[in-house]
Amino acid sequence: MRKAVYQMEPLDCPSCIKKIENALGRQAGIKDGKVLFHSGKVRVEFDEAQISDQQIEELIVKLGYPVFSRKVA
């Protein structure tokens with residue numbers, strides 16, 4: 001399992017957070033996806049054999065939220 005943190009702009013609506021977390025939860029290979037409300041970060045734990053950090057970023061962008069940077073550990 002790998003972990004990634006995606007930096008976005010701070011989110012100000014609970015429905016945006018739910019939208020991102022639900023989309024991550026439905027994606028194969030993602031064990032855990034959590035939006036950090038005030039910091040505008042998304043933390044994801046994922047299986048890189050099933051999904052890449054780039055694919056996760058593309059998913060977030062498709063939902064309408066720009067990603068400024070990502071860190072993968």
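Me: Is Arg-70 buried, partly exposed or exposed?

Reply: Buried means under 20% relative accessible area, exposed means over 50%, and partly exposed lies in between (1.4 Å probe, protein chains only). Arg-70 has 32% relative accessibility, so it counts as partly exposed. The model is predicted: local features need pLDDT of at least 70, side-chain atom pairs count only at pLDDT 80 or more, and totals for chains, interfaces and linings use all residues. Residues are numbered from 1 along each chain as its sequence is written, and side-chain values use heavy atoms, with hydrogens and water left out.

Me: Which side chain meets that of Arg-70 in a salt bridge?

Reply: Side chains of opposite charge can pair when their charged atoms come close. The rule for a salt bridge is a side-chain nitrogen of Lys or Arg within 4 Å of a carboxyl oxygen of Asp or Glu. Here the partner of Arg-70 is Asp-53, at 2.6 Å from N to O. The two lie 17 residues apart and link distant parts of the chain, with Asp-53 in helix H2 and Arg-70 in strand S4 (residues 69-72). Helices (H or I, at least four residues) and strands (E, at least two) are DSSP runs, numbered from the N terminus.

Me: Is Asp-53 buried or exposed?

Reply: Asp-53 counts as buried because its relative accessibility is 18%. Asp-53 and Arg-70 also belong to a network of salt bridges with Glu-57.

Me: How many salt bridges does the rule give?

Reply: The count is four. Among them is the pair Arg-2 and Glu-48, at 3.2 Å from N to O. Arg-2 sits in strand S1 (residues 2-7), whereas Glu-48 is in the loop between strand S3 (41-46) and helix H2 (53-62), 46 residues away. Arg-2 has 28% relative accessibility, so it is partly exposed.

Me: Which residue forms a salt bridge with Lys-31?

Reply: That residue is Glu-45, with the closest N and O atoms 3.9 Å apart. This pair joins strand S3, which holds Glu-45, to strand S2 (residues 30-36), which holds Lys-31, across 14 residues. Lys-31 is exposed because its relative accessible area is 57%.

Me: Which residues does Ile-17 touch, leaving out those up to four places away in sequence?

Reply: Contact means heavy atoms within 4.5 Å. With those neighbours left out, Ile-17 touches Leu-11, Val-35 and Phe-37. Ile-17 belongs to helix H1 (residues 14-26) and, at 12% relative accessibility, counts as buried. From C-alpha to C-alpha, Ile-17 and Val-42 are 9.4 Å apart in space, and they are 25 residues apart in sequence.
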